[in-house]
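Welcome! Please take a look at the model shown here, and then we can walk through it together.

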Amino acid sequence: MGKVVYEVGNDISTDAIYPGRFMATVLPSETPQFAFADEKEFNAKLTKGEVADGDILLAANNFGCGSSREQAASCLKGYGVIVVARGFARIFMQNAVNLGLQTVVAPEIEASVGDELEITQTEVINHTTGKSYATIAHPPARQAIIDAGGLIAYARKKLLEEKGVKSA
Amino acid sequence: MGATLAEKILARASGQDSVRPGDVIEPRVDLAMSHENAALVINQFTEVYKDTGLDSRVWDPSRIAIIFDHRVPAEGMKTANNQKKIREFVTAQGITKFHEIRGDEGGICHQILPENGYVRPGQVLVGTDSHTTTHGALGALAWGIGATEMAAVWSLGRVLNVEVPATIKVVVTGEMKEPVSAKDLILYLIGHITAQGANFRVLEFHGPAIRSLSTSGRLVLSNMSVEAGATAGLVIPDAETERYLREEAGVTDPIELLQPDDDAVYERVVEIDISNLEPQIACPHTVDNVKPVGEVVGKPINQIVIGSCTNGRLDDISVAAAILKGKKVSHSTRMLVFPASGRIYRQAMDLGYLQILMEAGAVVMNSGCGCCLGIHQGALADGEVALSTTNRNFKGRMGNPNAEVFLCSPAVAAASAITGVITDPRKGN
Ligand code: SF4
């Protein structure tokens, strides 16, 4: 169970999630401080530790549109938040999968800040309103990366397989 | 059942006879491009090799391109240190397609790749930049990926777990009448299908109006395809593609103009007649908030920007110079011009365009991403408004979330520079 700690609308770009002026900061260990840096209140909540692991950032359609900057996924991953959205932009979604930021696609989701949401295999249950919303599962291509623990681990496995085959 | 161009390219690159949307493949990569964010790719690449006992060498140093463009020259020590780290990696790994901060070879990645002949029809090209879609203008399937995904490409030479995307066919008919340009067409299309209208899809451009566009204009279409969410934006390669590659990019080896099948299956067909298209403007704060210029004329502008990987090419600068020749940039605004590459800069200098623009009052900046992403040049003040030929107007894009960015063609930008307010270039001042 997680609480909705922040709600945003359609077409939230990576410029909003991780402003360009912080792009010289690249390491996943250093990016979280700049998450939603221009949304001062939410950023303060995050940096002061007022957001718990498993809390939920709620978005509408096309969350993460724009630049391919991976910091937009790594900065949120650093707080253990789950992003529940009506839809995600492709590159952001792939970066999230690669880095292990949990994303849930619920095209009809309705919830407000403070609501308690439970995420199951097939739906999001809003325990505050008593309503449930179907989710769209990751396709196998993305699920395989998630199951491997992220793309670094997945690529490492592939690399070892390949080198093993070559040297054999 | 026939294949779209994207399906043909992906089938070849994955060693299969055919692929269909939804198939999961691992296509081989012909070219892997990064810019300053290579600093993060290097970090993730090292992570992939960690504890494997393997020597961390990239799969093919001749197929990796690294271009310094986002923050050139470095605006601060953090960037300078990233650039230094990348230089050392480039040397250690023997990466050949490296473009430094230089007036002869430097520029924006999405101009450097085409003008140096690195891009060919039928290729698979990935880049750690969302506007990697640009290279679809030459018939290459080119898409943006994150840094970790690039680290996997550097390690293995292929993109892991790619789901073959469906294709939307865009058929453009009619005749484009100056000063209407490719920029107006793509802005119109994005407004029409929305910022997520092509999410997880490929756009494939067809029709006589596309055939008659120069490569420079086609690059604009493919560049901004990502603003409709598209994975890639493909123009079918033709005689113009070959002309560009031979005459402008200096390619001498054989060029294959790979075509989609006539019976290819498209998810959707979008038809546009541009005969009566007006100059278009994308209003704040989304690229799909597009209006004909007539609806926003008279809006006061604080900063006019001409440049970027979208509209910083020679023809764009030429259009601006023609409009500003003998005129002055209004003192109620300021005008910044940043050519997309050192080569374009020098050509614009030789042809006298830069002289004209500077005499009019414009500031000509060095080649690079400049104010496009508001990091170290041309940031806006609170409440200011910019009119720009770049490709994004998201909140905060030009360095300030309390400012506004309108997007337009070079003709609209230049005409507006004279008046200081948004101006229809067909009417002038
Ligand atoms: S000019 Fe702008 S859009 Fe193009 S690569 Fe640079 S930052 Fe990105």
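Two strands count as a pair if DSSP finds at least two bridges between them. One of the links goes from B:Leu203 to its bridge partner B:Gly233 in S10(B). In strand S10 (residues 232-235) of chain B, B:Ala232 and B:Leu234 point one way while B:Gly233 and B:Val235 point the other way, and all are buried. Buried stands for under 20% relative accessible area, exposed for over 50%, and partly exposed for in between, with a 1.4 Å probe and protein chains only.

## How to read the model

This is a predicted model, in which local features need pLDDT of at least 70 and side-chain atom pairs count only at pLDDT 80 or more, while totals for chains, interfaces and linings use all residues. Residues are numbered from 1 along each chain as its sequence is written, chains are lettered from A and ligands numbered from 1 in the order in which they are written, and side-chain values use heavy atoms, leaving out hydrogens and water.

## Chain B as a whole

Chain B holds 14 helices and 18 strands; these are DSSP runs numbered from the N terminus, with helices (H or I) of at least four residues and strands (E) of at least two. Its radius of gyration is 21 Å, close to the 22 Å from the globule rule for 429 residues, so chain B is as compact as a globular protein of that length. That radius is taken over C-alpha atoms, and the rule is 2.2 Å times the number of residues to the power 0.38.

Buried residues make up 64% of the 429 residues in chain B. Among the contacts in chain B with a separation of 6 or more, 75% are between residues 24 or more positions apart, where contact means heavy atoms within 4.5 Å.

## Chain A as a whole

Chain A has six helices and seven strands, in the order β-α-α-β-α-β-α-β-β-β-β-α-α along the sequence. The C-alpha trace of chain A spans about 60 × 40 × 25 Å along its principal axes.

Of the 168 residues of chain A, 58% are buried. Residues 24 or more positions apart supply 61% of the chain A contacts with a separation of 6 or more.

## A loop that touches chain A

Which residues does B:Thr286 touch, not counting residues up to four places away in sequence? They are A:Asp11 and B:Asn393. B:Thr286 sits in the chain B loop between strand S12 (280-282) and strand S13 (290-292), and is buried because its relative accessible area is 19%. B:His285 lies in the loop between S12 and S13 too, and a cis peptide bond with omega of about -5° joins B:Pro284 to B:His285.

Most residues other than glycine have a negative phi, and most peptide bonds are trans. The bond from B:Val72 to B:Pro73 is cis, with omega near -20°; B:Pro73 belongs to the loop between strand S3 (64-67) and helix H3 (77-93) of chain B.

B:Asp51 has a positive phi, near 60°, and counts as exposed because its relative accessibility is 77%. B:Asn161 also has a positive phi, of about 50°, but is buried at 9% relative accessibility.
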